[in-house]
Amino acid sequence: MSSLAALKEILNKVARLNQAAAVLDWDQQCYMPPGGAEARAEQSAVLGRLHHDLFTSDEVGTLLEKSRAELNGAGLDSDDVALIRVTQREFDRETKVPGDLVAEFARTTSLAHETWVKARKANDFESFRPTLEKVVDLCRQVAEHRGYEDNIYDALLDEFEPGMKSAEVDKIFGDLRPLLVEMVKHIQESAVKADGSIMTRSYPIDKQREICNDVVKLVGYEFENGRQDEAAHPFCTNFSNKDVRITTRFDEHYLPGSIFASLHEAGHAMYEQGSPDKYEGTPLAGGVSLGFHESQSRMWENQVGRSKEFINFYFPRLQKTFPDALGNVSAEEFRRAANRVEPSLIRVEADEVTYGLHIMLRYELEKMMLEGKVDFKQLPDLWNSKMEEYLGVTPDTDANGVLQDVHWSSGILGYFPTYQLGNLISAQLWEKMNQDMSDIPEQMSRGEFGAILQWLRENVHQYGSKYMPKDLIVKATGKPLSSDAYNAYIESKYSEIYSL
Ligand code: CO
């Protein structure tokens, strides 16, 4: 057997272990009774260890070397060359950091999570500060072991958005920030106001469930290869490209919380359902980066789900399902409510226009922390002054400010930018798709979404993780990622809605 074939055999086992662990995690979040927690933690730990030992073995290292030699001469476009590149990246990431540091990281962040929960509840940043300093220091050590060229931040960002550098993020966000800040101001000064209370009327949960299943099926999520359940935090997970599951959540008095979460997760899921069979059981299966993944979820949630055309088409069905809440509401009023812009303190409640500003603030602070450019005692003030500068609102408490997100306590630094990169990628793909097909708005008005999905399948999904994100965006849209398309999208959409 060739070295490449032997390597693929091991990688297939590694992939199956990952999928099995994902089933356990899905069950834990959707169905497991509280009593199952202890045994589940051990089950997951055993699978995690098996995965790590199998994947980081000397044998895999040797097979990677030999496979590369075997492939010498194969074109850059070869699947096998891509497989070796992607596998080597993951192998390096898992082997470069010493076991002791990995263990300390796991221990510290698991305790840090508890400390953060308490600190947030007590609105007491000082009680969390020493822990945060420790976590950031460990992240710094991990980054040093992984290595980087220009900025320490790059070593962490690379895990979530392969190949992306903070210098590029600085440029892209720097271009976009003043435009968003200005847009928020104009919207606030506009005489047009959206009536958000439409969304908080009574929407019976069993009816919401019906709608959430209906709407994801309508846009192309395949129930033969998936299912939708309920979880505290909506997510998408998959155990192969033929079993891609989504979750949503229900609040009787907040309709967008379920419908748009379902569309969002269906966007993630259709990306995974579109991953080609030939990549199953290899590191090339599925979405290439968090940014690209988020571009898919955001597109179905925002460019499709919150569009005039989609809402005009779908609103009669909503009205029929919720006659008490929506009987006297027009599709146009519903659309305005679904696209209402309102600067707020909390990221996860933010609208399309202000969301990016929440992300930029976090990105800037993370980078300063990693670079050692901030006195942690100043962090709450720094947070608050940036909120004031970008969004015109100042947190009333640290719980609603610097303490609001779970990420830092979990040791996840370098992740936040991918949310906004996803928005930018979605706009750039959408722009190109609309150039390729001039009648997308008309298709959506008729409730037809097949051509949109087909375009994404052909230009993004079919490649799995074969290309680096920066190459894939050029392949799909003809140009490198920038904030131009997103800026144009926000400008034209919200100028129209708010008569700017
Ligand atoms: Co998402």
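At 15% relative accessibility, cysteine 30 counts as buried, where buried means under 20% relative accessible area, exposed over 50%, and partly exposed in between, calculated with a 1.4 Å probe on protein chains only. The structure is a predicted model, in which local features need pLDDT of at least 70 and side-chain atom pairs count only at pLDDT 80 or more, while totals for chains, interfaces and linings use all residues. Residues are numbered from 1 along each chain as its sequence is written, and side-chain values use heavy atoms, with hydrogens and water left out.

A disulfide is defined as a pair of cysteine sulfur atoms within 2.5 Å. By this rule the count is zero disulfides. Cysteine 30 is accordingly in no disulfide, and the nearest cysteine sulfur, which belongs to cysteine 236, is 11 Å away. Cysteine 139 is also a buried residue, with a relative accessible area of 2%.

Helices (H or I, at least four residues) and strands (E, at least two) are DSSP runs, numbered from the N terminus. Histidine 268 is buried, at a relative accessible area of 12%, and glutamate 294 is buried at 9% relative accessibility.

Is arginine 306 buried or exposed? With a relative accessible area of 14%, arginine 306 is buried. Contact means heavy atoms within 4.5 Å. Leaving aside neighbours within four places in sequence, arginine 306 is in contact with Phe260, Glu301, Ile311, Arg335, Ala338, Asn339 and Lys493. A polar contact is a pair of N or O atoms within 3.5 Å; within protein, one must be able to donate a hydrogen and the other to accept it, and residues adjacent in sequence count only if both atoms are side-chain atoms. The side chain of arginine 306 makes a polar contact of 2.8 Å with that of glutamate 301, and a polar contact of 2.8 Å joins it to the side chain of asparagine 302.

Lysine 493, one of the residues in contact with arginine 306, is placed in helix α21 (residues 484-497). Lysine 493 counts as buried at 13% relative accessibility. Its side chain makes a polar contact of 2.9 Å with the side chain of asparagine 339. Apart from neighbours within four places in sequence, the contacts of lysine 493 are Asn302, Arg306, Asn339 and Glu352.

Helix α16 (residues 379-391) shows how a helix can be arranged. It has 13 residues and reaches 18 Å from its first C-alpha to its last, close to the 18 Å expected at 1.5 Å a residue; the expected span is 1.5 Å times one less than the number of residues. The buried residues of α16 are Leu379, Pro380, Trp383, Asn384, Lys386, Met387, Tyr390 and Leu391. Seen down the axis of α16, these buried residues fall within an arc of 165°, so they line one face of the helix; the arc is that of the directions from the helix axis to the C-beta atoms. An α-helix has 3.6 residues a turn, so residues three or four places apart point the same way. The buried residues of α16 pack against α6 (125-146), α8 (166-189) and α15 (352-370). Just after α16, glycine 392 takes a positive phi of about 75°.

Positive phi values also occur in residues other than glycine. Asparagine 123 has a phi near 55°, and this residue is found in the loop between α5 (99-122) and α6. Asparagine 123 is partly exposed, at 33% relative accessibility. Serine 499, in the segment after α21, has a phi near 45°, and at 55% relative accessibility serine 499 counts as exposed.
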